[in-house]
Amino acid sequence: MENHPVISLDDVIRPTHLVVDLKIIKENFRRIKEAVKPSKVMPILKANAYGHGLIKIAQTLEKEGADYLGVAFLEEGILLRQQGIKMPILVLGGIWGNQIPTFLKYNLTMTASSIDKARQIDSEARKQNTIAKVHLKIDTGMERIGVHYYNAPKFFDEAVKLKNIGIEGIYSHFANADICNTDYTKLQFDRFMQSLDYFERLDYAPVIRHISNSGGILQLPEANLDMVRPGIMLYGVYPSQEIKRTIEVNPALTWKSLVIYFKVIKAGHPVGYGSKWIGEKDVRAVTVPVGYGDGYMRRMSGKARVIINEKKYPVIGTISMDQIVVNIDCDSAYNGDEVILIGKQGKSEITVEDLARWAETIPYEILTNINTRVPRIYID
Ligand SMILES: *Cc1c(COP(=O)(O)O)cnc(C)c1O
């Protein structure tokens with residue numbers, strides 16, 4: 001077989017790349033906004049916007065009229081500010097005392113998850129003669145961060161006394177909103193509402209109340225309250241297989257590569273590390289430059305499939321750090337042919353859920369593991 005050029009000289013990107021369709025992200029966002037209105041929407045952009053690229057997704061959603069952005073930690077918020085994002089940004093994770101001045105410097109909204117944290121924020125803000133924007137975090141059944149719902153009244157009593165924190169929001173987080181049975185989600189919601197009842201009786205200024213993630217938005221609309229926090233569904237992926245798909249969203253990401261090598265593997269000649277795959281007959285095979293170093297998880301070895309020329313073929317042997325081998329059996333494929341790792345080609349499709357099944361994990365982990373060494377290309 002003759003060698004076809006893999007990439008032309010003016011094409012400098014790696015053959016393995018992601019294509020993110022911003023039109024689809026915007027459409028997903030509009031559908032969520034429409035479904036929850038008049039509630040506000042805080043798109044969740046943690047972990048590089050679930051692998052889709054933090055900055056580009058933030059810029060797109062800012063233009064699209066998102067009310068707030070949510071990220072996991074300080075550094076993500078700083079990156080957004082450095083790239084010129086002006087809208088409110090809530091950092092959902094815990095804070096360290098010595099980070100507070102930086103939060104203030106970049107005008108990032110802090111999560112106060114205990115009375116101690118609230119006091120630290122207050123005292124730093126007083127030093128700087130400013131009012132820190134905070135959302136108080138109530139734990140209604142996740143046992144991660146936040147003040148237990150049964151201690152919320154004491155927390156609120158103390159927090160409202162602090163003159164240099166501006167309590168802009170109160171929130172909690174669902175632990176089981178991705179399963180069909182909503183009993184526990186409802187229990188958490190009731191606990192949250194009881195806490196809020198107490199806060200409202202303090203006759204304090206109204207706050208933004210929020211608790212719902214994708215699972216809650218899809219299954220428990222009464223929990224939308226003043227704002228919702230969609231993450232995975234914004235990217236067109238549902239939190240689980242069993243969840244009710246009450247809002248239609250579509251996947252925005254395609255993971256592509258190219259065939260870079262063709263060969264015939266003789267019967268009895270093993271493939272890859274550990275020689276785990278040995279054919280009983282000669283097969284045609286191609287090598288594709290992607291591996292677990294990109295987030296194409298090694299655990300999928302022996303199970304994963306890819307699409308070439310609109311047909312699905314098995315990945316054989318152990319997935320390496322940078323390369324995989326695909327068995328095309330008796331078919332043909334040429335250097336430079338497109339390989340779809342996630343996405344559609346003709347009638348064939350491989351979904352994030354397929355990869356999650358092969359890797360025995362959840363779609364979230366597949367998306368957030370796609371490494372930053374994989375270039376992102378945006379279409380609109
Ligand atoms: C990650 C996260 C979300 C978004 O969850 P999805 O299931 O992706 O919608 C919302 N709120 C908090 C606090 C989170 O950590």
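Which residues does UniProt give for the feature "domain: Alanine racemase C-terminal"? The unreviewed UniProt entry places that feature at residues 252-379. Over this stretch the chain is 10% helix and 38% strand, and the end C-alpha atoms are 10 Å apart. Please bear in mind throughout that we are looking at a predicted model.

I turn next to the annotated positions. Under "active site", the unreviewed UniProt entry lists Lys46 and Tyr273. These residues span 228 residues in sequence, and their farthest two C-alpha atoms are 34.1 Å apart, so they do not all gather at one spot. Of these residues, Lys46 is included in the lining of the largest pocket.

Is lysine 46 buried, partly exposed or exposed? With a relative accessible area of 29%, lysine 46 is partly exposed, because values between 20% and 50% fall in that class. If neighbours within four places in sequence are set aside, lysine 46 is in contact with Gly70, Val71, Ala72 and Glu76.

Tyrosine 273 sits in the loop that runs between strand E12 (261-265) and strand E13 (283-288). Its relative accessible area is 59%, and tyrosine 273 is therefore exposed. Again leaving aside neighbours within four places in sequence, tyrosine 273 is in contact with Thr318 and Ser320.

What covers them? Just after H4, glycine 84 adopts a positive phi of about 90°.

Helix H3 also takes part in a helix pair. The axes of helix H1 (residues 22-36) and helix H3 (residues 54-63) come within 10 Å and cross at roughly 50°. H1 and H3 are therefore oblique to each other, and their crossing is right-handed. From H1, the contact is made by Leu22, Ile25, Lys26 and Phe29, and from H3 by Lys56, Ile57, Thr60 and Leu61.

The peptide bond from lysine 37 to proline 38 is cis, with omega near 15°. Proline 38 lies in the loop between H1 and strand E2 (40-41).

Asparagine 107 has phi near 55° and is found in the loop between H5 and E5. Asparagine 107 is partly exposed, at a relative accessible area of 41%. Glutamate 143 likewise has a positive phi of about 55°, although it is not a glycine. Glutamate 143 belongs to the loop between strand E6 (132-139) and strand E7 (147-148), and it is exposed, with a relative accessible area of 56%.

Finally, I mention serine 113, in the loop between strand E5 (110-112) and helix H6 (115-127). Is serine 113 buried or exposed? Its relative accessible area is 10%, so serine 113 is buried. Not counting residues up to four places away in sequence, serine 113 touches Lys137, Ile145, Gly146 and Val147.

Note on methods
Residues numbered from 1 in each chain as written. Predicted model: local features only at pLDDT ≥ 70, side-chain atom pairs only at ≥ 80, totals over all residues. Heavy atoms only, no water. UniProt positions renumbered as here; feature names shortened; annotations may be inferred. 1 Å grid on protein atoms, 1.4 Å probe; cavity = no way out; pocket = protein on both sides within 12 Å on 5 of 7 lines; lining within 4 Å. Buried < 20%, exposed > 50% of the residue type's maximum accessible area, 1.4 Å probe, protein only. Contact = heavy atoms within 4.5 Å. Helix = DSSP H or I, 4+ residues; strand = E, 2+ residues; numbered from the N terminus. Axes fitted to C-alpha atoms, helices over the stretch in contact; angles between N-to-C directions. Parallel < 35°, antiparallel > 145°, perpendicular 65-115°, else oblique. Left-handed = near helix turned anticlockwise from the far one by under 90°.
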